[in-house]
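Got a minute to look over a fold before you set anything up? Here's a quick briefing to read alongside the coordinates.

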Amino acid sequence: MYREQRREQRPARRTRTAVGLLLSAGVGLAFALPGTAAADPPGPWQSYRSGPFTDAAGEVCSFPLSGHSVADQEKIRTLAVDSSGEPTEQEITGQLVFRYTDDATGAWTDENLTGTAWLYHHADGSQTWVVSGHLGLGIRAGNPYAAQGYSILGGSLTVQITADHYPYVTGHDGSTEDLCQELGRS
C-alpha cells in the first residue's frame, strides 16, 4: 500500500469539491457524478478527477482537516440509466492517492484510495456503493447512523448513503485506519 507521512508545515487548501473514491466529510453528497446519460449502456469510460476538500475543526476530526489528490488516474462509466436517461448504475476505477493534512499542525499523510466502486442510484435519492479496494470515509457530527470521524477503509465494503446524504457502512471485510487519530498524534 502506498503510504507516506510527514509531520511538517504544509500550506492548507481551503476549498470543497467532490471527491471520487473518497467519500468526503461534506456529505452533501461527496461524490459528484457526471450527468451525461448513456443511450446504450455501458457508456464509454470518461476521465474523473477528485477535487480538494476542507472541513473545519469539530466537523469530522477535532482539528481542521483538508485533503487533495497527489495522483489521480480515475475513470467512470455509466452502466444503466432510468427512463429519463439519468444514471442508475455507474462504475469508477483507477489510481487515487490523496494527501490529508491536519491544518492546525501541518502534519500530513498520503493514503492510497485506489480501487473500483459500483454506484447504485435509487429512485428515492439514496445510493449504495459497493467498493473493492480503498475508500476514504468522512462522517460529520450529527450523522444519526454512524460515529463522527474519518476512516481509510480497505478491502471489500458496502456503503449506504441515505436520501438526506448520511453515509454509513453496511458491510466491511478489510482494514480500517482512523485518520483523525493518526494525524492528531503529532
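What follows is a short tour, from the whole chain down to single residues.

Keep in mind that this is a predicted model. The chain holds one helix and 14 strands, and 48% of its 186 residues count as buried. A search of the whole structure turns up one disulfide and seven aromatic pairs.

**The chain overall**

- If you take the contacts in the chain with a separation of 6 or more, 62% of them are between residues 24 or more positions apart.
- The accessible surface of the chain is about 8,200 Å², and carbon and sulfur atoms own 47% of that.

**The disulfide**

- Cys61 and Cys180 are joined by a disulfide, with an S to S distance of 1.9 Å.
- This pair ties together distant parts of the chain, 119 residues apart: Cys61 sits in the loop between strand 4 (53-55) and strand 5 (65-72), while Cys180 belongs to helix 1 (residues 179-184).
- The link of Cys61 and Cys180 is left-handed, with -75° about the S-S bond.
- Are the two cysteines, Cys61 and Cys180, buried or exposed? Both Cys61 and Cys180 are buried.

**Leu65 and its surroundings**

- Leu65 is in strand 5, and its relative accessible area is 0%, so Leu65 counts as buried.
- Which residues does Leu65 touch, leaving out those up to four places away in sequence? The list is Phe53, Thr54, Asp55, Tyr100, Thr101, Asp103, Tyr150, Leu179 and Leu183.
- Leu65 and Ala104 are 39 residues apart along the chain, and their C-alpha atoms are separated by 8.3 Å.

**Aromatic rings and charges over them**

- Phe53, Phe98, Tyr100 and Tyr150 are linked into a cluster by ring pairs; among the residues touched by Leu65 are Phe53, Tyr100 and Tyr150.
- Lys75 lies over the face of Trp45, at 4.8 Å from the ring centre, and Arg99 lies over the face of Trp108, at 3.6 Å from the ring centre.
- Back to the seven aromatic pairs found in the whole structure: one of them is Tyr145 with Tyr168, a tilted pair at 5.1 Å centre to centre with 35° between the planes.
- Tyr145 has a relative accessible area of 47%, so it counts as partly exposed. Tyr168 is partly exposed too, with a value of 23%.

- Why does Asn143 count as buried? Its relative accessibility is 10%, and the cut-off for buried is under 20%.
- A polar atom of the Asn143 side chain lies 3.4 Å from the backbone nitrogen of Ala146.
- Setting aside residues up to four places away in sequence, Asn143 touches Tyr166 and Pro167.

Conventions: Residues numbered from 1 in each chain as written. Predicted model: local features only at pLDDT ≥ 70, side-chain atom pairs only at ≥ 80, totals over all residues. Heavy atoms only, no water. Buried < 20%, exposed > 50% of the residue type's maximum accessible area, 1.4 Å probe, protein only. Polar contact = N/O pair within 3.5 Å; in protein donor to acceptor, adjacent residues only side chain to side chain. Contact = heavy atoms within 4.5 Å. Phe/Tyr/Trp six-rings, centres within 6.5 Å; stacked < 30°, edge-to-face > 60°. Lys NZ or Arg CZ within 6 Å of the ring centre and 35° of its normal. Helix = DSSP H or I, 4+ residues; strand = E, 2+ residues; numbered from the N terminus. Areas by Shrake-Rupley, 256 points an atom, 1.4 Å probe, with all protein chains shown as cover. Disulfide = S-S within 2.5 Å.
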